Amino acid sequence: MDFSVDNDKILFKDEYSFAFLDIRPVFKGHVLLVPLNFYKNIFEIPPDVLSIISKNVKLISTAVKNAIKCDGILIINNNIVSQSVDRFHIHIIPRNRGDGLRGFMWPRQKYQNDDEYNYYMNIIKIQIKNALKNL
C-alpha cells in the first residue's frame, strides 16, 4: 500500500515529506507524516533526511498541539513488526489526560535485577559506539 493523498487534503509539504490527517484516527487531529521518497522503514532513511523529517515532526506536533489544544502529543513509528503500511511514516497523535488510552499497546515489564538492567545497557552502549564509528 502506498499513500496517495489528494492535494487539497495535504496539511504540509516540503521537499522531504508531507503530512495529512489519518482517516481512521486514534483521536481527532491524528496526523501522518510521510517522506516523499520511498523508504520501507527507519533503517533505510539517510541520516540527513531523517534529521529534516524529525524537524518536521516537531513542526507538525506543535501545530497539532496548538490547534487541538491537547495536553500532549504521542509520536509513533512502527518498523517491520506491526508495520501495517509497508512504507515509513510517523503518527502524530494528540493526547489528553484521561483520554482513555492507557498503556497504549505495550505491556510493561521489569528487569529481574540490576545485573540484567546493566547487561542490556551495556550491549546497547556497545552498538551505539559501533554505529558512531561507522558514521
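Tutor: Helices (H or I, at least four residues) and strands (E, at least two) are DSSP runs, numbered from the N terminus. With those, the protein chain reads β-β-β-α-β-β-α along the sequence. Keep in mind that this is a predicted model, where local features need pLDDT of at least 70, side-chain atom pairs count only at pLDDT 80 or more, and totals for chains, interfaces and linings use all residues. Residues are numbered from 1 along each chain as its sequence is written, and side-chain values use heavy atoms, with hydrogens and water left out.

Student: What makes Phe18 and Phe20 a stacked pair?

Tutor: Rings of Phe, Tyr and Trp (its six-membered ring) pair if their centres lie within 6.5 Å; planes under 30 degrees apart are stacked, over 60 edge-to-face, the rest tilted. By this rule there are two aromatic pairs. Phe18 and Phe20 sit at 5.7 Å centre to centre with 20° between the planes, hence stacked.

Student: Why is the pair Tyr111 and Tyr117 called edge-to-face?

Tutor: Their centres are 5.4 Å apart and the planes stand at 90°, so edge-to-face it is.

Student: And how do you know whether Tyr111 is buried, exposed or partly exposed?

Tutor: Buried means under 20% relative accessible area, exposed over 50%, partly exposed in between (1.4 Å probe, protein chains only). Tyr111 has 45%, so Tyr111 is partly exposed. Tyr117, at 43%, is partly exposed too. Phe18 and Phe20, by contrast, are both buried.

Student: Where is Tyr119, and why does Tyr119 count as partly exposed?

Tutor: Tyr119 lies in helix α2 (residues 114-133). Its relative accessibility is 48%, so Tyr119 counts as partly exposed.
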